[in-house]
Amino acid sequence: MVSHELRTPLTSILGFTKIIKKKLEGAIFPAIATEEKKIQKAIRQVEDNIDIIVLEGERLTALINDVLDLAKLDSGKIEWKTELISVAQIIEQALAVTSALFEAKGLELIKDIEEEFPKIVGDRDRIVQVLINLVSNAVKFTEKGSVTCRVRRINNAIVISVIDTGIGIAETDQYQIFEKFKQIGDTLTDKPKGTGLGLSISKQIVEHHGGTIWVESELGKGSIFSFTLPIGAAVNVELQKINLDIATRQLKDSVVTPNPSPTQQEKIILIVDDEAPIRQPLKEQLESEKKKFIYEFR
């Protein structure tokens with residue numbers, strides 16, 4: 001209930017703001033043909049203001065998601081998945097999600113990954129969440145240079161490290177960096193970045209999988225965030241629990257689905273939500289893309 005009440009109005013605000021932005025940039029601003037400097041300045045200010053609304057809305061969404069995740073972890077109510085996981089696929093997924101961050105800042109992404117790793121058992125999405133958080137932080141606090149994702153097998157564990165050439169972390173801050181709501185940005189830069197929850201959540205996820213997470217850093221010379229994921233005996237025990245799920249999934253994957261005809265390819269989208277502010281932006285978005293949909297009030 002709390003999750004719904006927090007997310008619904010924010011989803012509505014972001015949805016309508018993005019629609020307004022698209023309509024202004026696609027139809028209204030181009031139709032305003034004038035050389036008057038005041039009007040041109042006003043247009044630029046409106047564009048900048050809308051961008052700020054979207055940016056801050058997304059930042060608030062991230063904060064809400066982090067707070068809700070932390071609450072579930074603390075209360076033990078989070079639902080963990082248990083599945084066989086390819087380490088290589090985890091790396092590729094996390095780096096694909098964060099690729100735009102590298103492009104925006106002009107940073108080099110370096111992958112230093114050994115060829116083959118045994119599969120591990122755990123919650124794929126949560127482990128990807130940890131890696132995305134570490135890579136995003138590395139990019140956030142690195143103005144030039146590179147970010148390296150390094151993967152090694154050491155004894156019975158996979159060690160994943162994210163290495164940056166950024167501002168580094170003072171030794172006094174390293175002891176508290178994994179605590180809740182701790183932000184190193186308030187001591188190293190003029191403006192703190194993030195929610196101060198990402199590393200705390202990452203620590204709990206890693207520890208749930210039987211691993212550890214730590215940081216090595218020197219102020220002004222960059223940081224190395226590493227975490228371990230155990231392999232070996234633990235995997236053999238967990239495999240017994242998930243063999244049936246894997247077999248079922250493989251059977252489904254082996255079924256050949258015939259290619260749909262052109263008439264079958266056209267989909268009709270059903271919009272169902274009890275909140276009008278959620279239905280309306282979805283409706284307008286689909287209309288702008290000329291998609292067929294059914295509008296339900298419930």
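1. Let's start with I32, which sits in the loop between α1 (2-31) and α2 (37-75); helices here are DSSP runs of H or I with at least four residues, strands are E runs of at least two, and both are numbered from the N terminus. I32 counts as partly exposed, because its relative accessibility is 35% (buried means under 20% relative accessible area, exposed over 50%, partly exposed in between, with a 1.4 Å probe and protein chains only).

2. A word on what you are looking at: this is a predicted model, in which local features need pLDDT of at least 70, side-chain atom pairs count only at pLDDT 80 or more, and totals for chains, interfaces and linings use all residues. Residues are numbered from 1 along each chain as its sequence is written, and side-chain values use heavy atoms, leaving out hydrogens and water.

3. I32 also belongs to a nonpolar surface patch of about 220 Å², made with I28 and I39. Patch members have over 30% relative accessible area and no salt bridge, with like charges joined within 9 Å and nonpolar side chains (Val, Leu, Ile, Met, Phe, Trp, Tyr) within 5 Å. A salt bridge here is a side-chain nitrogen of Lys or Arg within 4 Å of a carboxyl oxygen of Asp or Glu, and areas come from the Shrake-Rupley method with a 1.4 Å probe, where for residues only the protein chains shown count as cover.

4. Next, have a look at E58 in helix α2. E58 is partly exposed, at 37% relative accessible area. Beyond neighbours within four places in sequence, E58 is in contact with L14 and K18 (heavy atoms within 4.5 Å). The C-alpha atoms of E58 and T11 are 9.3 Å apart, although 47 residues separate the two in sequence.

5. After α3 comes G106, with a positive phi near 70°.

6. Which residues of α3 are buried? They are V87, I90, I91, A94, L95, T98 and F102. Their cover includes β1 (83-85), β2 (108-113), β3 (120-122), α4 (124-140), β4 and β5 (157-164).

7. Finally, T148 lies in strand β4 (residues 146-154) and is buried, at 13% relative accessible area. Not counting residues up to four places away in sequence, T148 touches I110, D112, S161, V162 and I163. The C-alpha atoms of T148 and I163 are separated by 4.9 Å, with the two 15 residues apart along the chain.
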